Amino acid sequence: MMVRVSRFPLAGLLERKVNTYFGKSINKEDKSIRNSQWISVLEPLSVSSIIKLKWRDQYDGDYQYKKKATPFSFAALKTIYFDLRNKKVADTEGANGDDFITQWIEQVFEEAKQVSVDNKYTDEAIPYKQSVSIIGFNSSRFDQALFSKYLHNDKWTIQSFIGSYGQGKQIVVEHKQTKQQINFIDAMNYTQPTDLASFAKDFGNKDNNSKGLFPYEGITYDNYNQELIKSQPFPIKAFDSMLKNKTMSDDDYLLQLSDAKNYTTRWDNLQLHNELDTQIMIQPLDNLINLFYQYNVDMLSFMSLAANANAIKYAIAYKTIGIIKSQDITYRTNKSIVRQTIM
């Protein structure tokens, strides 16, 4: 099973003003002024993941699970979502409550238990123990820096970290009590540089849903609650992007107004946007995995597109010279996968 998170754990991010000086003092009269200034930091706003499981009759009628046809059988899709409103109250006075990222990781570990069960071989005599893959998009260069600090506490710890802090190729985290392992990887490891919308379009099906738009640049750490609790739609100016130097067209805004009728508050709009951000990754990732599987290569066993391409090269060579016959090897075709996103 794969857990997919929109842009890894973080589906949304908030800018928090810091305006702190550091470095060498440059003003004799005011020692607080230094040669470097820390203007702002990004804080997580929300996170969403979608989990792909083997379909079971017990899921029928349960709104948490959506039945999806696959080339081999039926799968169950389950979405989990957390945001800043989910902060737990501390059990004892003076203690800190769990933040929503910690709650999200805890829930991912819980979902990974069923993923591990689904991934086992039909023949129980064949041993199976493998970490569950948590797949983000462009997460190694962006979200990872924001959620890495949550991957080590009294409940779980980092077992393996491959790559640099600025760009981790793979992070394996183990639960201290259950010994369940989850493996954070980036879908960008297996494709050329692109954006999420293009990734979904290029590797998905024609009917793959658009992730839509959300005015992140207009939401800050200081105003997020006041803005998101409102029931009226965002004004068209809220969708102006200074980063991309783009504005929203009148036609696109009319679609936004139509969609806004389905939301009680803007928080609902945020949640749906985050969930779509992860759902559109399902089909492209499935297609990529099946593409490599045609050559008997397990994409997730490698950490880069180059490594997978190298494995395909040798698979073709072995088949050509007859070292390995396809009928000599049995492959599993009914894997469950877990895939994952902070804002």
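The points below concern a helix pair, a nearby loop residue and a hairpin in a predicted model.

1. Basis. Local features need pLDDT of at least 70, side-chain atom pairs count only at pLDDT 80 or more, and totals for chains, interfaces and linings use all residues. Residues are numbered from 1 along each chain as its sequence is written, and side-chain values use heavy atoms, without hydrogens and water.

2. Helix packing. Helices H3 (residues 196-203) and H7 (residues 282-293) pack with axes 8 Å apart, at an angle of about 55°. H3 is therefore oblique to H7 (under 35 degrees is roughly parallel, over 145 roughly antiparallel, 65 to 115 roughly perpendicular, the rest oblique). Helices are DSSP runs of H or I with at least four residues, and strands are E runs of at least two.

3. Helix contact. On the H3 side, Phe-199, Ala-200 and Phe-203 meet Gln-283, Pro-284, Leu-285, Asn-287 and Leu-288 of H7; contact means heavy atoms within 4.5 Å. By class, 6 of these residues are nonpolar, 2 polar and none charged.

4. Thr-191. This residue lies in the loop between strand E9 (181-186) and H3. Thr-191 is buried at 12% relative accessible area (buried is under 20%, exposed over 50%, partly exposed in between, with a 1.4 Å probe and protein chains only). Beyond its neighbours within four places in sequence, Thr-191 contacts Phe-199, Phe-203 and Leu-305. Phe-199 and Phe-203 also belong to the H3 contact with H7.

5. Hairpin. Strands E4 (residues 65-69) and E5 (residues 74-83) run antiparallel and are joined by 5 bridges; pairing requires at least two DSSP bridges. The two strands form a hairpin with 4 residues between them, and Tyr-65 stands opposite Lys-78 in E5.

Terms used. Axes are lines fitted to C-alpha atoms, for helices over the stretch in contact, and angles run from 0 to 180 degrees between N-to-C directions. Ala, Val, Leu, Ile, Met, Phe, Trp, Tyr, Cys and Pro count as nonpolar, Asp, Glu, Lys and Arg as charged, and the others, Gly among them, as polar.
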